[in-house]
Amino acid sequence: MGKFFDWLKAAKLDEERPIAGISKKEIDELAAAQGKIVFPSVYEEFLEDCGKSAGLFQRDAAFFFPEVKDLKRRLLEMLEDEDIEFTVPENAFVFGAYQGFQFHYFICDGHTDPAVYQMDDGGGAPEMVAETFSSYIQKGMAQYRDSFYQKS
């Protein structure tokens, strides 16, 4: 297991639901589903550790295989439905969605740990929400941990 698995266990997010990764074949299938993407190495590591399930982390979001395969299409539909003028870069990989109106993506351009952007149905320009995918995951895990284990 890799660092993402270790981070989940350290945050105590490995309870109630399993942590389960995906195979190299499934990783290739996922990359092809959004346009022959070459994933950053950090995202491949994430998928190998927890591409199907990450315990309590992101359990309320579209974030895991196979559902993530369809997220770029869903983002494009939202942009069209909301009449938002934004062109999703061809090398963007949409890896997460929340309630069908907020999408997270990174650009597959050779960076090993790319910045993460958020696009939502508010119509504004995409916003960088994390300088790296790793920091996005760490921050998210801390938020989930805090919501599950708040001190009274």
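Predicted model: local features only at pLDDT ≥ 70, side-chain atom pairs only at ≥ 80, totals over all residues.
A residue counts as exposed when its relative accessible area is over 50%.

**Exercise 1.** Where is Q99 placed, and is Q99 buried or exposed?

Solution. Start with the place: Q99 sits in the loop between β3 and β4. Next, take the accessible area of Q99, which is 60% in relative terms. The cut-off for exposed is over 50%, so Q99 is exposed. Finally, look at the backbone: phi of Q99 is near 55°, a positive value in a residue other than glycine.

**Exercise 2.** Find which loop holds K12 and state its phi.

Solution. K12 belongs to the loop between α1 and β1 (19-20). Phi of K12 is near 60°, which is positive although the residue is not glycine.

**Exercise 3.** Which residues does a cis peptide bond join?

Solution. The bond links F65 and P66, and omega is about 5°. As for location, P66 lies in the loop between β2 (53-54) and α4.

**Exercise 4.** Describe how α2 and α3 are packed, using angle, distance and contacts.

Solution. Two packed helices are described by the angle between their axes and the distance between the axes. For α2 and α3, the axes come within 10 Å and cross at roughly 125°. The range 65 to 115 degrees counts as roughly perpendicular and over 145 as roughly antiparallel; α2 and α3 are therefore oblique to each other. The crossing of α2 past α3 is right-handed. On the α2 side the contact is made by K24, I27 and L30, and on the α3 side by Y43, E44, L47 and E48. Sorted by class, these are four nonpolar, no polar and three charged residues.

**Exercise 5.** Which residues of the largest nonpolar core touch the most other members, and what does F93 contact?

Solution. The core has 50 residues, and Y43, F46, F93, F95 and F133 touch the most other members. Elements giving two or more residues to this core include α1 (3-10), α4 (71-81), β3 (92-98) and β5 (116-120). Now take F93 and set aside its neighbours within four places in sequence: F93 is in contact with L30, Q34, I37, F39, Y43, V68, H104, Y105, F106 and C108.

Note on methods
Residues numbered from 1 in each chain as written. Heavy atoms only, no water. Core = buried A, V, L, I, M, F, W, Y, C linked by side-chain atoms within 4.5 Å. Buried < 20%, exposed > 50% of the residue type's maximum accessible area, 1.4 Å probe, protein only. Helix = DSSP H or I, 4+ residues; strand = E, 2+ residues; numbered from the N terminus. Contact = heavy atoms within 4.5 Å. Axes fitted to C-alpha atoms, helices over the stretch in contact; angles between N-to-C directions. Parallel < 35°, antiparallel > 145°, perpendicular 65-115°, else oblique. Left-handed = near helix turned anticlockwise from the far one by under 90°. Nonpolar A, V, L, I, M, F, W, Y, C, P; charged D, E, K, R; others polar.
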